[in-house]
Amino acid sequence: MTVNGKPAYSRKELAAAFAARIRDAVRRPMRLMEVCGTHTVSIFRNGIRTLLPPEIALLSGPGCPVCVTAQQEIDAFIALARIEKVTVATFGDLMRVPGTLSTLRSEKADGRDIRMVYSALDALNIAAHNPDRRVVFIGVGFETTAPTIAASIVMAADRGINNFSVLAAHKLVPPVLAALMESGGVQIDGFLLPGHVSVIIGAQAYLPFVQQYGIPCVIAGFEAEDILNAILKLARQVANGGARLENAYKRVVSFEGNPRALALMHTVFEPVDAPWRGIGTIAASGLKIRKDFSRFDARKVFALDVPETGEPPGCACGDVLMGRKTPPQCALYKRICTPANPVGPCMVSSEGSCAAYYRYHGD
Amino acid sequence: MADKKQHILLDHGGGGQLSHELISGLMLPAFRNDILAQLNDGALLDIGANRLAFSTDTYVVDPVFFPGGDIGELAVNGTVNDIAMCGAVPLFLSAGLVVEEGFAMADLEKILASMGRAADAAGVKVVTGDTKVVPRGVADKIFINTSGIGQIHAGVNLSAEKARAGDCVILSGSIADHGMTILLQREEMAFEARLQSDTAPLNFLVARMLAASGEIHVLRDPTRGGVGSALNEIAVQSQVGIRIHEDRIAVKPAVAGVCDLLGFEPLYVANEGKLLAFVAAPHAEKVLAAMHEDPCGRDAAVIGEVVAENPGTVVMETRIGGSRIVPMLTGEQLPRIC
């Protein structure tokens, strides 16, 4: 709203008004989980916690793609990079994540061909321009990145780019939410649901979850005001005993989602049981490349023999991702595990809750 | 962990924590002396009755030509600015070139011409130089080192230890232009935006400021590591707290958009034509007015203040009125996944 061409309210006034309404709505202590790493970062960067009443605790959930990638998967990425004539293309976040013995960054310093890219299509172009290399794109992320990665595989098939493959390590959001509710020791009064993922899968994707577990859920955008608005809606539901799905990001999230993106994703991928860091294997919570496209499946193209490994001793990434612990409650946090010397991926990714706590002194 | 110690990683050159470890762990012990140990942008030297500032920097920017400038202009402006931040008039530069075999002669000519123009614009002379050619693949196209000497303005005594509670923090213009321009130019970036490097010589701006007030305590050009890192270094070296206000820090909309898309914080992105000044509060208006007269300081604004509380810490009031710490960056920012 503008008055005489100027905003009627400044952002500070608007935020203060939200904060006042949230204070009015809160009747008892409540634990709200923001599932998505981008929300975690926005909450810290905007100082949102400093505007909320002490009754509201915000927990960071399993929605940071790097953080939920299992150590074993990282080891597989590193094993790939060591194969002759292989070029590994990856999103930047993954470079520093420690595997059992090494990181992609250290492998790159050792002379392996590892490139940082911004999309799977960039990796496809590298393959097209370097026919003597075998280019593997590391497919991590949620429903947000899966459609473009599917598109890169379809394009590789169409253009006959056969030196391109994808190591699919995708994760899906609705199954992990259910796993969270099924696991013991998790006390959550409401979920702030991810905005970008919901653009693809639509609000409808959460209905079975909300119906089964009867818990307040609000889909939220990423601006500070989006998040405050969603927290207000959650606080009101919790106060009134509500258990509904609300879409507070209607300007981009529809009920159905993006049918074209979903169709593309289903053409190339099918659900598979997937390992989550610190959580374990969750049924049908990942994506694998369908048989029709198996010549672009790095797991089929390369014989990857990666021994099973556990998580590093003491690392509480799993508990942090599940909202059972806050980062400062991990014995390694700040003492051994720092952004310059991370033990677990929650400290590596710019969206990891440990890195966010560390950087913005969340403790 | 094995990863950290055996090799030099890109993060060792990133200006963050690993760079600091390299300096304190290897450089300082190797060269033990009191002047280096001050860790200013340039060395402050007393030679006879003369007070000189001496600084060096090496430029390896890729790509060599970018919107708003090129490696040659950057190499001149960068060293000119390091000297200017010492409160000195930059006078003489050296230029050392490492050129890769096969580099186009026309490109070398363009870069040298650009260095010449930049030197003229800044009022400095390139008085000595060296060129080495290395076999193809041994260097990436061209690297340039410049060193420079300047004469410190009479009566001026600037240092990163001199910020005091009550000082105003002035920023000369919008941030993150250079770093995001370079990032977007890297070949594998598929999207385009009209960004432009802010590379510029700041010595004339500094001269105006020093003429306007004798109460400027610290000057710093927030290059690698950005405004966030520079403020943290000053907070630590001066043992003061710094409070800044997000809504007073200018970021051009296109720059902010690209940062947002990649998950970068503009506060940590490099600038090549901006400065931070710590000025006693009663003098802030005078200094600002002088800055507004200069093309490099037209958009200068007070972005914060120095406080006694929380020494060594930078706190920001956010756009929505919350508050948060602005931490020291621990490694290069990496683009995020989604």
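Predicted model: local features only at pLDDT ≥ 70, side-chain atom pairs only at ≥ 80, totals over all residues.
**Figure 1**

**Figure 2. The seven-stranded sheet of chain B.** The strands form an open sheet in the order E9-E11-E8-E12-E10-E13-E14, with mixed pairing. Strand E9 (216–220) and strand E14 (323–325) of chain B stand at the edges; each has a single partner strand, so one side of each is left without a neighbour in the sheet. On average, neighbouring strands of this sheet are turned by 25° against each other, direction ignored. Within the sheet, strand E8 (residues 167–171) of chain B and strand E11 (residues 276–280) of chain B run antiparallel and are joined by five bridges. In this pair, Asp167(B) stands opposite Ala280(B) of E11(B).

**Figure 3. The two domains of chain B and their contact.** Chain B is assigned domain 1 (33–152) and domain 2 (167–325). The centres of domain 1 of chain B and domain 2 of chain B, taken over C-alpha atoms, are separated by 23 Å. Domain 1 of chain B gives 19 residues to the contact, and domain 2 of chain B gives 19 residues. On the side of domain 1 of chain B that touches domain 2 of chain B, at least two residues each are supplied by H4, strand E5 (88–100) and H5 of chain B. H4(B) provides the largest share of this side, seven residues. The side of domain 1 of chain B that touches domain 2 of chain B comprises twelve nonpolar, six polar and one charged residues.

**Figure 4. Packing of helices H4 and H5 of chain B.** Helix H4 (residues 71–84) of chain B packs on helix H5 (residues 105–122) of chain B at an angle of about 30°, and their axes are 7 Å apart. H4(B) and H5(B) are therefore roughly parallel to each other. The crossing in which H4(B) passes H5(B) is right-handed. From H4(B), the contact takes Ile71(B), Gly72(B), Glu73(B), Ala75(B), Val76(B), Asn77(B) and Val80(B); from H5(B), it takes Ile111(B), Leu112(B), Ser114(B), Met115(B), Ala118(B), Ala119(B) and Ala122(B). By class, the residues of the contact of H4(B) with H5(B) are ten nonpolar, three polar and one charged.

**Figure 5. A cis peptide bond in chain B.** The peptide bond from Asp62(B) to Pro63(B) is cis, with omega near 5°. Pro63(B) belongs to the loop between strand E2 (50–59) and strand E3 (65–66) of chain B.

**Figure 6. The interface of chains A and B, seen from chain A.** The contact involves 46 residues of chain A and 28 residues of chain B. Two or more residues each are given to the side of chain A that touches chain B by helix H1 (11–25), helix H2 (37–45), helix H4 (104–109), strand E6 (113–116), helix H5 (120–129) and helix H14 (353–360) of chain A. H1(A) accounts for the largest share of this side, four residues. Sorted by class, the side of chain A that touches chain B has 22 nonpolar, 15 polar and nine charged residues.

**Figure 7. Packing of helices H5 and H6 of chain A.** H5(A) and helix H6 (residues 146–159) of chain A pack at an angle of about 25°, with 8 Å between their axes. H5(A) and H6(A) are therefore roughly parallel to each other, and their crossing is right-handed. Ala120(A), Leu121(A), Ala123(A) and Leu124(A) of H5(A) meet Thr148(A), Ile149(A), Ser152(A), Met155(A) and Ala156(A) of H6(A). The contact of H5(A) with H6(A) has seven nonpolar, two polar and no charged residues.

**Figure 8. The five-stranded sheet of chain A.** The strands of this open sheet follow the order E4-E3-E9-E10-E11, and the pairing is parallel. Strand E4 (56–63) and strand E11 (245–247) of chain A are the edge strands, each pairing on one side only. Neighbouring strands of the sheet are turned by 20° against each other on average, direction ignored. Strand E9 (residues 190–193) of chain A runs parallel to strand E10 (residues 217–219) of chain A, and three bridges join the two. The bridge partner of Leu192(A) in E10(A) is Val218(A).

**Figure 9. Backbone at Ala284 of chain A.** Although Ala284(A) is not a glycine, its phi is positive, about 50°. Ala284(A) is part of strand E13 (residues 280–289) of chain A.

Notes
Residues numbered from 1 in each chain as written. Chains lettered and ligands numbered in written order. Axes fitted to C-alpha atoms, helices over the stretch in contact; angles between N-to-C directions. Parallel < 35°, antiparallel > 145°, perpendicular 65-115°, else oblique. Left-handed = near helix turned anticlockwise from the far one by under 90°. Contact = placed C-beta atoms within 7 Å. Nonpolar A, V, L, I, M, F, W, Y, C, P; charged D, E, K, R; others polar. Domains from an automatic or database assignment. Pairing = 2+ DSSP bridges.
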